[in-house]
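The following note concerns the ligand site and the pockets of the model shown below.

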Amino acid sequence: MSPEPVPLAKPVLGAEEERAVIEVLRSGRLSLGPKLAEFEGLFAETVGARHASAVSSGTAGLHLALRVVGVKDGDEVVTSPFSFVASANAVVFERARPVFADIDPVTLDLDPQAAEAAVSTRTTALLPVHIFGYPADMDALGALAKRHGLGVVEDACEALGARYADGSVVGSLESPAVFAFYANKQLTTGEGGMVTTGSAQAKQRIDSERNQGRAPDMDWLDHDRLGFNYRLSDIACALGIAQLGRLAEMLAGRRRVAALYREALGDIEELTLPCEERGGLRRGWFVFVVQLPHAADRDETVRALAARGIQSKPYLPAIHLMSYYRERFGHREGEFPVCEDIAARSLALPFFPEMAESQVERVASELRAVLAGAPA
Ligand SMILES: Cc1ncc(COP(=O)(O)O)c(C=O)c1O
């Protein structure tokens with residue numbers, strides 16, 4: 001009998017989440033109820049932010065955060081092409097232009113020097129992405145923003161639990177940071193997101209715009225600005241609250257699995273592992289993505305691993321080479337060589353907090369065999 005397949009990801013939800021959701025269902029307050037402020041307050045406390053606004057997704061959060069830093073029609077926003085497409089899409093929602101700059105080959109985050117070279121007179125904001133949970137160089141990017149008078153929105157959708165170089169938690173800066181709670185994330189509400197900010201004014205505007213432009217103190221059906229329906233239900237907030245209580249444990253689980261992988265994969269020649277944490281920087285472990293050797297055929301590797309019961313996924317494709325971005329903005333191969341090389345070789349391996357050491361070892365030995373060209 002062949003061993004159980006190893007899935008790519010697996011949400012960890014239990015009796016506590018069930019109880020929390022049932023409590024909301026019985027309360028009859030399914031949206032804009034007490035769980036919303038409770039989740040926001042606890043989340044803000046968890047990351048050390050002054051304010052937090054829960055929203056329906058990370059994408060919705062990015063959209064509102066970009067609006068709150070003043071991005072508008074015709075502006076340019078400098079961002080990373082090595083991200084989930086949502087970060088660039090949110091810029092396009094406002095009819096602004098995402099201007100990509102290449103990434104650092106080690107951290108895979110926006111390279112501050114490349115970002116500086118991409119700044120023009122039309123640039124109004126920077127949108128760094130903490131890809132795979134590894135914090136972008138916010139010291140350099142913050143200084144760059146200051147020099148040019150730019151707003152900053154951090155895409156922290158993959159980075160819950162990460163820490164900046166000074167040891168403070170990602171999401172605790174004055175400028176907005178956006179988190180996401182889709183089912184594969186460190187903490188999940190099924191769908192959902194959170195914007196943290198140090199500014200009460202920013203929170204007020206985000207809270208209004210997520211609710212069709214109605215300020216929290218305004219009457220029902222009165223609206224004083226354009227808004228959206230980006231609300232997060234109380235059911236979702238209850239799910240989030242239940243997990244926040246054991247977030248440290250959940251994050252430690254991912255860190256444990258990452259350490260096991262590092263040990264198990266360390267001897268595979270020319271396989272690049274996620275970068276080590278430098279100085280005070282800490283990764284909020286979200287996925288375990290390796291870069292295959294240049295000579296390896298990634299599609300074939302995915303197929304061969306699948307035949308051996310191991311799920312894996314090319315992750316992530318370069319945004320500028322997606323057909324929409326090519327057609328709309330005229331992008332082509334060769335513009336961002338570091339990103340393109342990394343995007344062509346990146347492979348996400350199974351990764352979830354409850355992964356057993358034996359599962360990690362099995363993934364490692366199957367990958368080793370596949371890369372060595374062993375028959376299935
Ligand atoms: C880097 C990044 N940005 C943005 C998002 C968008 O979040 P959501 O799927 O909740 O809209 C995600 C989530 O998948 C992400 O990984």
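1. A polar side-chain atom of Thr59 stands 2.4 Å from an oxygen atom of the ligand. For Glu158, the corresponding distance from a polar side-chain atom to a ligand oxygen atom is 2.6 Å. Gly58 contributes through its backbone, with an N or O atom 2.8 Å from an oxygen atom of the ligand. The protein covers 92% of the 390 Å² of accessible area that the ligand has on its own (Shrake-Rupley method, 1.4 Å probe; for residues, only the protein chains shown count as cover).

2. The model is predicted: local features require pLDDT of at least 70 and side-chain atom pairs pLDDT 80 or more, whereas totals for chains, interfaces and linings use all residues. Residues are numbered from 1 along each chain as its sequence is written, and side-chain values use heavy atoms, with hydrogens and water left out.

3. Around the ligand there are 14 residues, of which Gly58, Thr59, Asp155, Glu158 and Lys185 come nearest (a residue is near if one of its heavy atoms lies within 4 Å). Helix α3 (residues 58-68) gives the largest share of this shell, three residues (helices are DSSP runs of H or I with at least four residues, strands runs of E with at least two, numbered from the N terminus). By class, the shell holds six nonpolar, five polar and three charged residues (Ala, Val, Leu, Ile, Met, Phe, Trp, Tyr, Cys and Pro count as nonpolar, Asp, Glu, Lys and Arg as charged, and the others, Gly among them, as polar).

4. The ligand takes the space of the largest pocket (on a 1 Å grid over the protein atoms alone, an open set of points where a 1.4 Å probe fits, with protein on both sides within 12 Å along at least five of seven lines; lining residues have an atom within 4 Å of a point; a molecule sits in a pocket if more than half of its atoms lie within 2 Å of its grid points).

5. This largest pocket contains about 630 Å³ of space (the space filled by probe spheres set on the points, which are joined across faces, edges and corners). Its lining numbers 37 residues, with Tyr182, Asn184, Lys185, Phe286 and Tyr315 closest to the centre. The largest share of that lining, three residues, comes from α3.

6. The second largest pocket has a volume of about 420 Å³. Of its 21 lining residues, Ala136, Asp137, Met138, Asp139 and Gly142 lie nearest the centre. Helix α6 (residues 138-148) supplies the largest share, three residues.

Technical notes:
A polar contact is a pair of N or O atoms within 3.5 Å; within protein, one must be able to donate a hydrogen and the other to accept it, and residues adjacent in sequence count only if both atoms are side-chain atoms.
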